[in-house]
Amino acid sequence: MPSESSGSYSFNILLVEDNPGDARLAREALNENNINHFFFHVEDGLQALDFLHNKGMYQSSPRPDLILLDLNLPKINGHQVLSEIKSDESLRKIPVVILSISQSEKDIERSYELNANCYVTKPLDINEFIEVFGRIQNFWLKTVKLPV
Amino acid sequence: MEPNESSLHPIEILLVEDNPGDSRLAKEALKESKLKNNLYIAEDGVEAMNFLYKTGKYSKMPRPDLVILDLNLPKKDGREVLAEIKNDDNLKRIPVVILTISKAEEDILKTYNLHANCYVTKPLDLDQFMKVVKSIEDFWLTIVKLPNGKNE
């Protein structure tokens with residue numbers, strides 16, 4: 001188990017997000033909470049799957065404890081990434097939080113259909129965005145028991 | 001802010017819990033929610049499935065927007081209930097939050113593999129229990145978008 005000086009477990013969070021501004025904001029929001037974690041960021045669906053399957057440059061990547069997944073992604077879209085994760089015996093247990101600007105009921109229904117753990121819409125307002133990321137982190141890393 | 005849809009369509013929550021003390025506390029915690037919700041309680045796994053399939057006395061019951069499921073239940077175990085929900089094309093989209101005293105890694109792993117939406121352990125302390133139910137309510141009703149778009 002990776003650990004920091006405090007000795008408590010550090011969670012591995014994987015963010016799959018192609019927008020550099022959103023990724024930066026997410027990283028900052030997650031750092032504000034004082035919950036030990038390692039932050040990993042990939043920019044498209046292909047990289048996400050390579051990261052999860054330890055392929056190519058991701059050979060020594062750790063298994064994420066939580067995945068924050070955007071839907072509109074280059075190369076392989078978020079629904080396809082979600083579907084691969086949730087139909088893979090060794091990956092399906094990892095909680096996947098969908099984070100998308102889409103409010104379309106079709107996207108929401110489809111995500112739950114594919115066994116997303118939850119669906120959250122990304123607020124456009126920066127302060128709300130930071131608040132939402134903080135609350136996701138708090139709930140999933142503090143209230144919820146994650147699979148080991 | 002747009003007018004709150006939930007005042008017209010309350011969020012329907014099904015709690016599957018055989019311990020009357022725990023259901024009562026959960027009910028109190030949910031009453032304080034900002035979003036209007038109706039809490040239904042099923043006391044065992046068979047009742048839960050009847051509720052979800054609207055069989056017998058449950059024919060007029062609404063489809064739940066969220067299920068909070070204990071694992072150790074009479075008649076039909078929570079793991080079986082979860083598996084049935086997540087294998088049913090019509091029900092699988094309903095988020096299922098596991099709320100149980102079990103901290104067993106095996107239970108955590110198994111339920112995530114069965115596509116539980118999240119796993120939360122029940123604290124024995126009453127105040128802590130209320131707090132946990134409120135966190136679940138707060139996250140699932142105000143941060144998450146539920147499948148039917150009720151909690152806009």
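Modeller: Helices and strands here are DSSP runs, a helix having at least four residues and a strand at least two, numbered from the N terminus. The model under discussion is predicted.

Colleague: What pattern does chain B follow when read along the sequence?

Modeller: Chain B follows β-α-β-α-β-α-β-α-β-α, from 5 helices and 5 strands.

Colleague: What makes the radius of gyration of chain B agree with that of a compact globule?

Modeller: For 152 residues, a compact globule would have a radius of gyration near 15 Å, and chain B has 15 Å, so the two agree. Along the principal axes, the C-alpha atoms of chain B fill a box of roughly 45 × 35 × 30 Å. Buried residues account for 41% of the chain.

Colleague: Why are S2 and S5 of chain B said to stand at the edges of the sheet?

Modeller: The 5 strands of chain B form an open sheet in the order S2-S1-S3-S4-S5, with parallel pairing. Strand S2 (37–42) and S5 each have a single partner strand, so one side of each lacks a neighbour in the sheet. From one strand to the next, the twist averages 20°.

Colleague: How do you know that S1 and S2 of chain B pair?

Modeller: Two strands pair if DSSP finds at least two bridges between them. Strand S1 (residues 11–16) and S2(B) have 6 bridges in the parallel sense, and therefore they count as paired. In this arrangement B:Leu14 stands opposite B:Tyr40 in S2(B).

Colleague: What places the buried residues of H4(B) on the same side of that helix?

Modeller: In helix H4 (residues 105–113) of chain B, the buried residues are B:Asp107, B:Ile108, B:Thr111 and B:Tyr112. They cover an arc of only 125° around the axis, which puts them on the same side of H4(B). An α-helix has 3.6 residues a turn, so residues three or four places apart point the same way. On the other side of H4(B), B:Glu105 and B:Glu106 are exposed.

Colleague: Which elements do the buried residues of H4(B) pack against?

Modeller: Their packing partners are helix H3 (78–87), strand S4 (96–100) and strand S5 (118–121) of chain B. Just after H4(B), B:His115 takes a positive phi of about 75°.

Colleague: Which residues have the most contacts inside the largest nonpolar core?

Modeller: They are A:Val16, A:Leu69, A:Val97, B:Leu69 and B:Val97, in a core of 79 residues. Helix H5 (residues 126–143) of chain B gives the largest share of this core, 6 residues. Among the residues that A:Leu69 touches are A:Val16 and A:Val97.

Terms used:
Residues numbered from 1 in each chain as written. Chains lettered and ligands numbered in written order. Predicted model: local features only at pLDDT ≥ 70, side-chain atom pairs only at ≥ 80, totals over all residues. Rg over C-alpha atoms; globule rule 2.2 N^0.38 Å. Buried ≥ 20, exposed ≤ 12 C-beta atoms within 10 Å, placed from the backbone. Arc of directions from axis to C-beta. Contact = placed C-beta atoms within 7 Å. Core = buried A, V, L, I, M, F, W, Y, C linked by C-beta atoms within 7 Å. Axes fitted to C-alpha atoms, helices over the stretch in contact; angles between N-to-C directions.
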